[in-house]
Amino acid sequence: MKTFSSINRKIILDDDKILIKEILSGKESSFEEIMRKYNKKIFNFVLRMVRNEEIAIELTQDFFIKIFTKLYKYNFEYKFSTWAYRICYNLVVDYIRKNKTYVDSLDDDTTYKKDLYMRESAIKEDGADVLEREEVKSYLWKTVNSLPVKYKELVLLRYIQELKYDEISEVTSLPIGTVKNRIFKAKDLLRKEIEKDGMLEK
Amino acid sequence: MECLKNKKIQEYVDRSLNRVESSIIRDHLIVCGKCRAKYDQYKKMEKLLINPVYKEPPAKIEKFVLNRLFSKIPTYSSIFALISLSFILLVSWIYVYFDFDNNSIIQAFKLTSNSAFNWITSIITFISNVFSSVYAIFKVLNKLFMIIFNVNIGTQLFGLIILSIFTSAFYFVLRIVYKKLKEHN
């Protein structure tokens, strides 16, 4: 996989773009389809960023309304998802900037960690592998939540939104090198955090 | 050979290295247990990250957005309010316009309703009674208008002007209420 390849700017009509064209010509069901397609990823990204379900719901709603009202500005040379994630990213970053103290004060991971650690040792005796894996996974994702915002946002864009490095760079307006380095750094932090609890040993 | 940097191992996991670089790393991983352990950890982590724990978004998100953007169906209460208020305004307009307060038919209805029970006559009597009082208010307002501005435009015309103003105000308010209703659903 070439990560530094230049982005092809030719207009290719993918599924999304066909749907957008239909929406612009007044077909409402196409917008529903777009919503259904992106709802999960957008909601989960926002939820992990703001860490409050009510706010995440509101922001996701705002996002879709914004997308719809701004759709006439969408440039078909770009991938729709990148354009949409960029709007989503800006919306969330704006929100966090305006409500910084609120978002930061929602740190509830320590209690979760203890709780999980106890369950973890209980599972070890049972030797339930699949369950264990799920537990490690959910623990890892909890740890992602507690990363500093500048790392967390990139990790979420990469793994929740499933973007490539160059797409993340477009969404966040950060240089691609910075994006890669921060994600590596974030994964280093994650690995060390999880290693502490010996969760990656098995 | 010295140990690999974390970044290099991660790039190897990512497959973002060129062939020469990856083969160097591969060779090192074979001989160095320490780096291989790290590589395994990154690899495991990558697997866990690639399949994230998604939370199902609540259905109300879609509902809210679609309602906000495409809702064309007004609520029953707003339709009812529209019809009844339009009816009241129409009746008042007709009443004032034809000067029913001094109309002989209405007077006749008023008289007959006293002797024989008939729901139509009682309704008409009720309406005419209400509007007679409204008409009286118009008369007073018209007199007031006459005193202040020194112009007499007649109670009837005065009443019509006031009613027209009310009608347009009513439709404006209705529009605003309707928009608000749409936002809330």
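**Figure 1. Arg51(A) counts as partly exposed, with 19 C-beta neighbours inside 10 Å.** The model shown here and in the other views is predicted. A residue is buried if 20 or more other C-beta atoms lie within 10 Å of its own and exposed if 12 or fewer; Arg51(A), with 19 such neighbours, is therefore partly exposed. Arg51(A) belongs to the loop between H2 and H3 of chain A and follows H2(A). Although Arg51(A) is not a glycine, its phi is positive, at about 55 degrees.

**Figure 2. Ser173(A) sits in the loop between helix H9 (165–172) and H10 of chain A.** Ser173(A) is a residue other than glycine with a positive phi, near 60 degrees. Is Ser173(A) buried or exposed? Ser173(A) counts as exposed, because it has 9 C-beta neighbours inside 10 Å.

**Figure 3. Helix H2 of chain A has a kink of about 45 degrees.** The kink in H2(A) is centred on Tyr38(A). The helix spans residues 28–50 of chain A. At the end of the helix comes Arg51(A), the residue of Figure 1, with its positive phi near 55 degrees.

**Figure 4. The largest nonpolar core has 59 residues.** Which residues have the most contacts inside this core? They are Val46(A), Val50(A), Cys88(A), Val92(A) and Leu140(A). H2 of chain A supplies the largest share of the core, 11 residues.

**Figure 5. Chain A and chain B meet through 30 residues of chain A and 27 residues of chain B.** Four helices of chain A each supply at least two residues of the side that touches chain B: H2, helix H3 (53–70), helix H7 (129–145) and helix H10 (176–196). The largest share of this side of chain A, eight residues, comes from H2(A). The residues on this side of chain A divide into 16 nonpolar, six polar and eight charged. For the complex, the predictor gives an ipTM of 0.72 and a pTM of 0.62.

**Figure 6. Lys152(A) lies in helix H8 (residues 149–159) of chain A.** Lys152(A) has 17 other C-beta atoms within 10 Å, so it is partly exposed. Leaving aside neighbours within four places in sequence, the residues in contact with Lys152(A) are Val144(A) and Leu147(A). How far apart are the C-alpha atoms of Lys152(A) and Arg48(A)? They are separated by 8.8 Å, while the two residues stand 104 residues apart along the chain.

**Figure 7. Helix H1 (residues 6–14) of chain B has four named buried residues: Ile9(B), Gln10(B), Tyr12(B) and Val13(B).** These residues lie on the same side of H1(B), because they cover an arc of only 155 degrees around the axis. Against which helices do the buried residues of H1(B) pack? They pack against H10 of chain A, together with H2 and helix H3 (33–50) of chain B. Just after H1(B) comes Arg15(B), with a positive phi of about 60 degrees.

**Figure 8. Chain A is built from 10 helices and zero strands.** From the N terminus on, its elements run α-α-α-α-α-α-α-α-α-α. Chain A has 202 residues, and buried residues make up 32% of them. Among contacts in chain A between residues at least 6 apart in sequence, 65% join residues at least 24 apart.

**Figure 9. Chain B has eight helices and zero strands.** The order of elements in chain B, from the N terminus on, is α-α-α-α-α-α-α-α. Of the 185 residues in chain B, 15% are buried. Where contacts in chain B join residues at least 6 apart in sequence, 61% of them join residues at least 24 apart. The average pLDDT of chain B is 78, and 81% of the residues score at least 70. Which element of chain B has the lowest mean pLDDT, and which the highest? The lowest, 63, belongs to helix H6 (residues 104–115) of chain B, and the highest, 88, to helix H2 (residues 19–31) of chain B.

Methods
Residues numbered from 1 in each chain as written. Chains lettered and ligands numbered in written order. Predicted model: local features only at pLDDT ≥ 70, side-chain atom pairs only at ≥ 80, totals over all residues. pLDDT = per-residue confidence, 0-100. Core = buried A, V, L, I, M, F, W, Y, C linked by C-beta atoms within 7 Å. Contact = placed C-beta atoms within 7 Å. Nonpolar A, V, L, I, M, F, W, Y, C, P; charged D, E, K, R; others polar. Bend = angle between axes of the 7 residues up to and from the residue. Arc of directions from axis to C-beta.
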